[in-house]
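Visitor: I have a few questions about this structure. Could you walk me through it?
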Amino acid sequence: PASARAGAASWRSGPPRLAALPRERSGGFDPVSADLPKAEAGDAGSNVATLLSPAFMLAAMTPTAALAKEGAYGIFEGRTFSIIHPISMFAMFAASLYAGFLGWQWRRTRTIGGSISELKEQLPVLSTGKVKSYSDQLAALQTELTALQGQEDLDAVEKKAVVEKDLATLKGASDVAAQIDALTATRKNLVSGNYKDKHFAWSCGILAVGVSSAIVGPINTFMRAGKLFPGPHLFAGAAMVSIWAVAAALVPQMQKGSEPARVAHIGLNAVNVGLFAWQVNTGFEILLKVLKFTKWP
């Protein structure tokens, strides 16, 4: 029949096309623009190619909302949030100097014992052996010499001569003994300062606040301007954060007694303090611009 022939002709021309189902537009957050307009069935291939194209995928991953400014982020674009980075970094600069002082004092506490031992090696050897305590040995010899005074027997005379010789030898090392006493008193004061724990606590604070503030700064700049401004200040700041991480990573080896790790730790932090001092100039200029172009809060 005619109807059958018409149906066969339509199948030869291609399979029947299904009407696209209507889709309700959500109107909500759509980061990859998935809620595309309804397309004709014949354009399905081109739509798939568009979705899979590198340019489309790159555009889909671009956070368009992040380019919003002029108050779109509220207080996070204002002066209050904008000055967190410069204020905290100025504080971290001062804290770094103090932490460096604490670290140096802790190093002195740890190494001063070696200096005392080296000086003790310079103390003389008496008839009774190596001098261990100058003051105790001096008092003992003086007491013994006093007891031998007035005795005329041969043994007493010989012993008196030995004591006098030891006493003269010991007094010749009075300068070394004075240095030992001074370093011993210094070590006592250093130990009472508890510099190890203080240095560790301040360093942890610098690492936590410094790294956090280094992240907050660029984020705030991006919120206010919609972009970052690559330059010496940004690059030096990134280097400082990396140095903090490396210096902190050396601590386990330092605790095991590695002197190269300790020297590297001190050197890295000295470089960081230098970068900090250099950053003050550019940081202050940026702070003035922030105060000029932002409003409270």
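Visitor: Which residues does His-199 touch, not counting residues up to four places away in sequence?
Guide: Happy to start there, keeping in mind that this is a predicted model. His-199 lies in helix α9, residues 195-225. Leaving out residues up to four places away in sequence, His-199 touches Ala-99, Leu-102, Gly-103 and His-265.

Visitor: How far is the backbone oxygen of Ala-99 from a polar atom of the side chain of His-199?
Guide: Ala-99 is one of the residues that His-199 touches. A polar contact needs a pair of N or O atoms within 3.5 Å. Here the backbone oxygen of Ala-99 and a polar atom of the His-199 side chain are separated by 2.9 Å.

Visitor: Is His-199 buried or exposed?
Guide: Buried means under 20% relative accessible area. His-199 has a relative accessible area of 18%, so His-199 is buried.

Visitor: What span should helix α8 have, at 1.5 Å a residue?
Guide: Helix α8 has 19 residues, 174-192. The expected span is 1.5 Å times one less than the number of residues.

Visitor: What arc do the buried residues of α8 cover around the axis?
Guide: Those buried residues are Val-176, Ala-177, Ile-180 and Leu-190. They sit on the same side of α8, because around the axis they cover an arc of only 145°.

Visitor: And which residues are exposed on the other side of α8?
Guide: The buried residues of α8 have cover that includes α5, α6 and α9. On the other side of α8, the exposed residues are Asp-175, Asp-181, Lys-188, Asn-189 and Ser-192.

Terms used: Residues numbered from 1 in each chain as written. Predicted model: local features only at pLDDT ≥ 70, side-chain atom pairs only at ≥ 80, totals over all residues. Heavy atoms only, no water. Helix = DSSP H or I, 4+ residues; strand = E, 2+ residues; numbered from the N terminus. Buried < 20%, exposed > 50% of the residue type's maximum accessible area, 1.4 Å probe, protein only. Polar contact = N/O pair within 3.5 Å; in protein donor to acceptor, adjacent residues only side chain to side chain. Contact = heavy atoms within 4.5 Å. Arc of directions from axis to C-beta.
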